[in-house]
Amino acid sequence: MFSDRLSQKQREVVFDLAAHIAAADNDVSEEEVQYLKDFSSAYGIAFDLDKADISISDLIAHLDTKSSRIITLQELIKISYKDGHFGKEEQDKVFMIAQKMGLNDPELLMRIEKWVRQGFDWIYEGEEMLDLE
């Protein structure tokens with residue numbers, strides 16, 4: 001949803017970083033792969049998960065506004081939760097990327113993570129209500 005506010009190049013950066021984060025725990029789950037497939041399909045990005053040699057600094061240089069950096073972190077945390085938990089390896093990678101972006105404020109990162117969790121809760125609650133029929 002918020003990725004619509006990014007340029008095409010910034011969306012490609014999000015995809016590359018998300019693929020990198022998904023592999024952080026050395027186990028890319030089906031849910032993470034599906035998220036990446038959906039993201040690449042929605043924005044016309046080549047589906048390539050080989051992101052081991054990416055330059056994070058070069059990528060984040062394209063995130064030239066605070067909102068683009070926040071949206072990117074939101075997407076990275078979102079993919080981290082796709083396998084059911086925001087694991088230590090994923091947290092470390094996301095926080096390292098946030099620091100490289102200049103977003104070192106722990107309170108801001110907690111707010112972004114809370115935003116993601118609330119989004120998942122909202123979807124889960126809606127799905128449960130629809131199953132009540």
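Reply: The axes of helix H4 (residues 66-81) and helix H6 (residues 106-130) come within 9 Å and cross at roughly 55°. Axes here are lines fitted to C-alpha atoms, for helices over the stretch in contact, and angles run from 0 to 180 degrees between N-to-C directions. Helices themselves are DSSP runs (H or I, at least four residues), numbered from the N terminus. H4 and H6 are therefore oblique to each other; angles under 35 degrees count as roughly parallel, over 145 as roughly antiparallel, 65 to 115 as roughly perpendicular and the rest as oblique. Their crossing is right-handed, meaning that the near helix is turned clockwise from the far one by less than a right angle.

The H4 side of this contact (heavy atoms within 4.5 Å) consists of Lys66, Ile70, Leu73, Gln74, Ile77, Lys78 and Tyr81, which meet Leu108, Leu109, Ile112, Glu113, Trp115, Val116, Arg117 and Phe120 in H6. By class, these residues are 10 nonpolar, one polar and four charged. In that sorting, Ala, Val, Leu, Ile, Met, Phe, Trp, Tyr, Cys and Pro count as nonpolar, Asp, Glu, Lys and Arg as charged, and the others, Gly among them, as polar.

Before going further, please keep in mind that this is a predicted model: local features need pLDDT of at least 70, side-chain atom pairs count only at pLDDT 80 or more, and totals for chains, interfaces and linings use all residues. Residues are numbered from 1 along each chain as its sequence is written, and side-chain values use heavy atoms, with hydrogens and water left out.

Now follow H6 along its length. H6 has 25 residues and reaches 36 Å from its first C-alpha to its last, close to the 36 Å expected at 1.5 Å a residue; the expected span is 1.5 Å times one less than the number of residues. Leu108, Leu109, Ile112, Glu113 and Val116 of H6 are buried, where buried means under 20% relative accessible area, exposed over 50%, and partly exposed in between (1.4 Å probe, protein chains only). H4 and H5 (88-101) are among what covers those buried residues of H6. Pro106, also in H6, counts as exposed at 54% relative accessibility.

Back on H4, have a look at Glu75. Glu75 is buried, with a relative accessible area of 2%, and beyond its neighbours within four places in sequence it is in contact with Ser3, Val14, Tyr35 and Phe39. Tyr35 sits in helix H2 (residues 30-43) and, at 10% relative accessibility, counts as buried. Residues up to four places away in sequence aside, Tyr35 touches Ala18, Glu75, Lys78, Ile79 and Lys82.

Val14 and Ala18 lead us to helix H1 (residues 8-22). The buried residues of H1 pack against H2, helix H3 (56-60), H4 and H5. H1 and H2 pack at an angle of about 170°, with their axes 11 Å apart, and that makes H1 roughly antiparallel to H2. The residues of that contact divide into nine nonpolar, two polar and two charged.

How values were computed: Helices (H or I, at least four residues) and strands (E, at least two) are DSSP runs, numbered from the N terminus.
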